[in-house]
Amino acid sequence: MQALSLTQVAEITNGKLMGNPELAHLPVSEVISDSRKVFKNNQSLFFALSGPFNNAHLYIPELQEKGIQAFVVSDPSSLNNTGAFILVEDTREALQKLAAYYRAQFSYPVVGITGSNGKTIVKEWLHDILSPKHHLVRSPKSYNSQIGVPLSVLLMDESHQLGVFEAGISKKGEMHRLEKIIAPNIGLFTNIGDAHQENFDSTRQKIREKLELFKNCDTLVYRNDVAEVKEEIEDFLAKNKAIGLSWSLENAAADIQFLEKKLQNSTKIEAKHGGKNDFFSIPFTDDSALENACHSFACLIALKLDPEAYIEEFKKLQALAMRLEIKQGINNCLLINDYYNSDLNAFSIALSVLKQQANQHHLEQVVVLSDIQQSGQEKADLYREVNALLEQWGIHKLIGIGPDILSCRNAFSMKGEFYPDRESFQKQFNRTQFAAAAVLIKGARNFEFEKISSLLQEKAHQTVLEINLNAIVHNLGVYRQLVKPETKIMAMVKAFSYGSGDVEVARLLQYQNIDYLAVAVADEGILLRESGIHVPIVVMNPEKEAFQLMIDHNLEPNIYSLQLLEDFAWATSIAGRKNFPVHLKLDTGMNRLGIKNLGEILSAVNFLKTNDRLRLQSVFSHLAGSDDPQLDAFSFEQMERFETFCDSIERELPYAFDKHILNTAGIERFSSKQFDMVRLGIGLYGISQTGLPLENISSLLSTISQIKTVETNETVGYNRRGEIRSKSKIAIVPLGYADGIDRKLGNGKGSAFVNEQRVPIIGNICMDMLMLDITEVAAEIGDRVEFFGPNLPISELARTLDTIPYEILTGISQRVKRIYLQE
Ligand SMILES: *Cc1c(COP(=O)(O)O)cnc(C)c1O
């Protein structure tokens with residue numbers, strides 16, 4: 001961003017400048033809000049954005065240590081005399097005010113995009129179509145929220161000729177703020193779907209709320225084919241100054257008529273507008289790509305550009321991998337593939353992720369970078385700027401590929417290797433060059449850096465369990481909305497977080513300010529502590545042999561018997577500890593671990609009353625059938641028994657303790673029994689009993705290792721069980737029952753998803769591989785195969801196998817590598 005002084009920022013945000021007076025004139029050229037993605041830049045201003053679950057003020061001391069000097073805060077107790085502070089009422093509002101002020105400095109056109117689906121892809125496509133001829137600024141990734149939008153707008157500067165920003169809302173009243181920040185001249189409404197419907201009275205109301213973004217637009221681009229959208233927009237246009245630019249694929253009266261013809265791998269489109277006909281084609285055949293392409297085309301017209309000049313770019317459009325991909329590489333390397341276009345903003349985001357990953361795993365930081373194209377900047381300036389970024393993020397080594405970066409090699413100050421093209425890099429490539437490094441691979445499309453990633457990628461086992469960390473955050477948010485603000489949440493991360501890996505999930509939950517974590521055995525807890533997890537952890541099944549280690553690591557036991565209570569008290573006295581928190585488990589009908597009769601419960605309480613080594617942190621019980629409506633009478637009995645027990649304990653114990661009984665299904669079904677805490681398990685991992693809008697978090701993926709043709713009368717696999725009726729094409733996939741795929745899925749009972757189609761498993765499943773009948777599908781060696789995930793729900797697989805999703809999730813063997821996706 002273009003620099004402003006702290007004094008100016010204070011004025012714009014109605015804040016009070018405090019702290020070290022010598023810093024008052026510090027220029028600010030970067031605004032940050034994520035404490036994890038910070039690296040020393042003495043012109044950064046940190047906004048301490050505090051949501052209900054994350055108090056960013058807590059990170060200030062740590063950030064000051066990292067060299068950040070300036071902060072916008074709302075909590076006066078976070079001030080000190082070393083840093084510069086702007087004290088405001090509400091930090092989010094301050095960020096929004098700053099962005100709105102900043103936006104108003106620029107007079108070039110800005111396109112604002114909203115709607116339920118397609119915002120990011122239309123924005124990215126507009127960028128791809130326009131960037132060869134125009135210098136654009138756009139929202140990074142899908143930064144479209146109350147915080148993402150201001151951060152995007154702050155990326156504008158004088159060198160740009162056009163801005164493209166997306167705006168997303170999840171409830172009423174939000175768009176009005178985003179309108180002030182983006183202040184678009186041209187509006188684009190993509191479409192309307194079901195997302196966030198629970199927060200709106202009706203679909204029409206949701207449309208109207210979204211249209212708020214276009215209140216001051218000159219032109220509004222929209223599709224005319226859906227009655228609700230058409231009527232609401234026409235009504236909106238009648239009341240506001242914007243002029244509509246409508247388009248149709250269904251022959252409706254509109255400013256632009258599109259006619260389409262789907263071919264094998266592409267779609268030909270004819271656009272009739274203003275007495276003119278343009279022809280273009282896109283390399284997709286699906287309806288949503290078609291709609292997104294038509295929006296992009298219509299936007300060119302809204303921008304008063306001649307579409308004919310951009311037709312070639314439509315042919316080159318690509319689907320978006322909306323994220324960075326992190327993979328295990330050779331020789332202990334970690335690969336980060338960045339599929340975003342290689343402009344400097346996106347590059348800076350990728351570098352922050354690189355830094356984060358490298359620190360976490362103690363790795364060197366290496367960047368493989370191609371020429372940066374279409375930046376509109378002088379070569380020498382551009383690469384000087386790239387070098388500054390690389391230095392800022394502490395990159396150890398750069399591998400530059402392409403004629404431009406090669407010719408500017410003197411601009412770089414770190415260790416470097418340079419090649420004129422990818423082929424010459426590949427020719428000299430030697431596996432030993434890469435070891436114990438985090439490697440960011442970022443190339444413009446035509447450099448085909450996927451070939452470099454495939455050289456560096458670990459190939460020992462092609463089967464992975466892909467975990468989407470963003471989806472876990474989403475799911476946590478869904479449950480947070482169901483529980484009262486004061487109710488704590490304990491996240492169950494036992495059994496490697498239901499199979500999805502341990503440390504990464506726990507780390508994420510800690511960042512999301514989870515109140516408690518629960519593991520099954522002490523070893524799991526120790527591993528978490530050793531990886532820097534400091535939130536309270538309960539061990540559900542504490543073993544006497546591990547008591548000393550548990551105490552050393554502050555792991556709190558679930559106390560389910562008097563014997564255990566006495567033994568643990570003894571261990572704490574040996575360790576010389578006082579008030580060590582323990583959790584008392586009552587058995588109210590499950591007949592598993594827990595104390596069942598009142599006499600024993602009271603003995604335990606008496607023991608605790610007179611023992612200063614231990615402190616009763618919570619009392620809890622577990623429901624046997626919270627997911628089953630037929631057992632509701634029993635569940636209520638359990639909850640009643642629990643309350644009676646708790647009352648008795650409360651009468652005896654001189655201090656207060658937390659009470660909890662609900663697991664995931666309980667949270668969904670018995671919301672009045674949340675007490676002080678709930679224990680969230682399977683819901684976090686994407687499975688809801690009552691159909692909550694959760695996201696899938698884990699996908700079991702593999703690849704095709706070989707394809708063969710099998711003739712009638714031949715058979716496939718062990719015991720010749722895979723019978724062939726007519727000439728078939730068979731794919732062999734490196735996933736077997738030793739990986740945790742149930743052998744009962746063989747012989748057609750189970751299926752997989754290959755290139756948009758379901759295909760049956762043929763023959764018996766082997767220990768390390770299985771075979772698919774792909775006769776009906778166009779597929780090649782190396783193609784991806786999904787066994788469960790977004791296309792094949794885990795709950796469906798559980799039904800096929802007559803089991804529960806828990807068993808499927810936790811049954812994937814530890815040899816299957818977990819890889820994590822996070823935006
Ligand atoms: C595993 C477990 C939970 C979580 O159950 P979900 O059904 O996965 O939500 C809660 N409480 C206890 C005691 C558990 O062992």
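Me: Is the crossing in which α22 passes α23 left-handed or right-handed?
Reply: The model considered here is a predicted one. In it, helix α22 covers residues 598-609 and helix α23 covers residues 632-652. The crossing in which α22 passes α23 is right-handed.

Me: Which residues of α23 make the contact with α22?
Reply: From α22, the contact is made by Leu598, Ile601, Leu602, Val605, Asn606 and Lys609. By class, the residues of this contact comprise six nonpolar, two polar and two charged. On the side of α23, the contributors are Phe645, Ser648, Ile649 and Glu652.

Me: Is α22 roughly parallel or roughly antiparallel to α23?
Reply: The axes of α22 and α23 lie 10 Å apart, and the two helices pack at an angle of about 30 degrees. Angles under 35 degrees count as roughly parallel. The angle therefore makes the arrangement of α22 relative to α23 roughly parallel.

Me: How do α21 and α22 lie to each other, roughly parallel or roughly perpendicular?
Reply: Helix α21 spans residues 562-574, and its axis is 10 Å from that of α22. The two helices pack at an angle of about 15 degrees, and their crossing is right-handed. The relation of α21 and α22 is therefore roughly parallel.

Me: How many charged residues does the contact of α21 with α22 have?
Reply: In α21, the residues Leu562, Leu565, Glu566 and Ala569 take part, meeting Glu600, Ser603, Ala604, Phe607 and Leu608 in α22. Sorted by class, six of the residues in this contact are nonpolar and one is polar. The number of charged residues is two.

Me: Are α16 and α18 oblique or roughly parallel to each other?
Reply: Helix α16 (residues 469-482) and helix α18 (residues 503-511) have axes that come within 11 Å and cross at roughly 45 degrees. α16 passes α18 in a right-handed crossing. Since roughly parallel requires an angle under 35 degrees, the two helices are therefore classed as oblique.

Me: How many nonpolar residues does the contact of α16 with α18 have?
Reply: Leu469, Ile472, Val473 and Leu476 of α16 meet Val505, Leu508 and Leu509 of α18. The contact has no polar and no charged residues. Its count of nonpolar residues is seven.

Me: Which residue has a polar backbone atom 2.8 Å from an oxygen atom of the ligand?
Reply: Among the residues surrounding the ligand are Lys494, His622, Asn663, Arg679, Ile682 and Tyr806. The side chain of Asn663 has an N or O atom 3.1 Å from an oxygen atom of the ligand, and that of Arg679 has one 2.8 Å from a ligand nitrogen atom. The residue whose polar backbone atom is 2.8 Å from a ligand oxygen atom is Ile682.

Me: What is the phi of Phe675?
Reply: Phe675 sits in the loop that lies between α24 (664-669) and β31 (677-680). Although Phe675 is not a glycine, its phi is positive, at about 45 degrees.

Me: Between which helices does the loop with Asp802 lie?
Reply: Asp802 is not a glycine, yet its phi is positive at about 55 degrees. The loop that holds Asp802 lies between α25 (794-800) and α26 (805-810).

Definitions and conventions. Residues numbered from 1 in each chain as written. Predicted model: local features only at pLDDT ≥ 70, side-chain atom pairs only at ≥ 80, totals over all residues. Heavy atoms only, no water. Axes fitted to C-alpha atoms, helices over the stretch in contact; angles between N-to-C directions. Helix = DSSP H or I, 4+ residues; strand = E, 2+ residues; numbered from the N terminus. Parallel < 35°, antiparallel > 145°, perpendicular 65-115°, else oblique. Left-handed = near helix turned anticlockwise from the far one by under 90°. Contact = heavy atoms within 4.5 Å. Nonpolar A, V, L, I, M, F, W, Y, C, P; charged D, E, K, R; others polar. Near = heavy atom within 4 Å. Polar contact = N/O pair within 3.5 Å; in protein donor to acceptor, adjacent residues only side chain to side chain.
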